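Take a look at the model below and keep it in view while you read. We'll walk through it one spot at a time.

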Amino acid sequence: MNILILGSGGREHTFAWKIAQSPKCKQLFVAPGNSGTAQVATNVNIGVTDFEAIKKLVLTNSIEMVVVGPEDPLVLGIHDYFLNDKEIKHISVIGPEKAAAELEGSKEFAKEFLYRHNIPTAAYESFTKETVENGYAFLETLKPPYVLKADGLAAGKGVVILNDLIEAKEELKSMLVDAKFGDASTKVVIEEFLDGIELSCFVLTDGKHYKILPTAKDYKRIGEGDTGLNTGGMGAVSPVPFATDEFLNKIEERIVKPTIKGLQKDNLPYVGFVFIGLIKVGDDPKVIEYNVRMGDPETEVVLPRLKNDFVEILQTMANGTLDKINIEIDERAATTIMLVSGGYPEAYEKGKEITGIKTIENSIPFHAGAQIVDRKIVTSGGRVMAITSYGDTYQEAIKKSYQSIKKLHFDKMYYRKDIGFDL
């Protein structure tokens, strides 16, 4: 079958790398793609939210399946767009419909869903510009640190954690009154701080059945020791060493099952990936957030551990027979280290030539913010490349990634040297 992947990051290069290995995939397209996807697929310069151009591409190239990478097209309703158009409604779209994508599109919607289905999460309240004074009062009832979340999509940067009450009040004003995150912060969710260690759980669903992929843990802060500004992710490890069988069982029983049942109960049509951001508080898992797609850079450690034909899995998701497939997982650990542009997550320069990629032997370089310009691979984003390695232990895998990184170079290249430090 001919398949289209939407997106241009490390997650989409990993999808393309895995899908291209399947004998079931005849032709693979990525829109818009990057220098990595160009090696295994045909890149098409179309934006992920240009639904009309996507429709034209799909019809011209007899594409039978669309795999949606990022959240924006899902929240804007690309799945519904296909279903409502008689020319393309027969095409499988991997990603939830718009109503279900609100689980990521709105923090408040997600919190209400969690409460309604008795899924463990932090206590919260939400506020608007008109109720900012009530927000100040609510902050006063909480113990520090204070967690403020922009309700809408803010490219992974809409969560602020502060230790000082006055600063928290100023931040709330900045988000609501001064529109710090634009439309994303017209509403802000304030929630109690949960103290623990975070991990991510990835679930595949066809709307009725589910399969759980390996757990992963990513590192969001730019600085070593988890300090500094939040990023889209600086590295990841899978499996998560502290996620014992007993703990994984709690995740499945208390969180995964009620989530899938909740989607059915609330009539939220969902074919795709459910990313559940979790925190281990004591011995119990609680939900921090939902995302309606695979995480990045977690995809770069989760998919390489999947032994199955990925296209076969996607087909069972699309036709409602996910329960008929057995997920096979590589026993080895996988780790990834993200190379970023100097200055990221703030201002950074693009167009820096990346050298040494062909010399890497013991790792897989997944391209993210990188493009081919004049036959050279150059930086085009903040997060440039994820270097993934396997190992019998995560320590061994991390060591391999760092050894491979030594062979790579671009001007002002930065990466964290402590991924896995807290495990």
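Pro239 sits in the loop between strand 15 (235-238) and helix 9 (245-265); helices (H or I, at least four residues) and strands (E, at least two) are DSSP runs, numbered from the N terminus. The peptide bond that joins Ser238 and Pro239 is cis, with omega at about -5 degrees. Before going on, note that this is a predicted model, where local features need pLDDT of at least 70 and side-chain atom pairs count only at pLDDT 80 or more, while totals for chains, interfaces and linings use all residues. Residues are numbered from 1 along each chain as its sequence is written, and side-chain values use heavy atoms, with hydrogens and water left out.

Another cis peptide bond joins Asp296 and Pro297, with omega at about 25 degrees. To find Pro297, look in the loop between strand 17 and helix 10 (299-302). Asn118 is in the loop between helix 6 and strand 6 (124-128). As background, most residues other than glycine have a negative phi, and most peptide bonds are trans.

Now follow helix 6 itself. How do helix 5 (residues 98-105) and helix 6 (residues 107-116) pack? Their angle is about 100 degrees and their axes are 6 Å apart; axes are lines fitted to C-alpha atoms, for helices over the stretch in contact, and angles run from 0 to 180 degrees between N-to-C directions. Helix 5 and helix 6 are therefore roughly perpendicular to each other (angles under 35 degrees count as roughly parallel, over 145 as roughly antiparallel, 65 to 115 as roughly perpendicular and the rest as oblique). Ala99, Glu102, Leu103 and Gly105 of helix 5 touch Lys107, Phe109, Ala110 and Phe113 of helix 6, where contact means heavy atoms within 4.5 Å. By class that's five nonpolar, one polar and two charged residues (Ala, Val, Leu, Ile, Met, Phe, Trp, Tyr, Cys and Pro count as nonpolar, Asp, Glu, Lys and Arg as charged, and the others, Gly among them, as polar).

Helix 6 also gives the most to the lining of the largest cavity, with four residues. On a 1 Å grid over the protein atoms alone, a cavity is a set of points where a 1.4 Å probe fits but cannot get out, and lining residues have an atom within 4 Å of a point. This cavity has a volume of about 90 Å³, the volume being the space filled by probe spheres set on the points. Its lining includes Leu103, Lys107, Ala110, Lys149 and Tyr290. By class, the lining has six nonpolar, no polar and six charged residues.

Next, find helix 7 (residues 132-141) and helix 8 (residues 165-176), whose axes come within 10 Å and cross at roughly 155 degrees. That makes helix 7 roughly antiparallel to helix 8. Among the residues making this contact are Val132 and Leu139 of helix 7 and Leu165 and Leu172 of helix 8. The contact residues divide into seven nonpolar, one polar and three charged.

Finally, helix 1 (residues 10-19) packs with helix 11 (residues 310-318) at about 105 degrees, their axes 8 Å apart. That makes helix 1 roughly perpendicular to helix 11. Here Phe15, Lys18 and Ile19 in helix 1 meet Phe310, Val311 and Leu314 in helix 11. Five of these residues are nonpolar, none is polar and one is charged.

Key. On a 1 Å grid over the protein atoms alone, a cavity is a set of points where a 1.4 Å probe fits but cannot get out, and a pocket is an open set with protein on both sides within 12 Å along at least five of seven lines; lining residues have an atom within 4 Å of a point.
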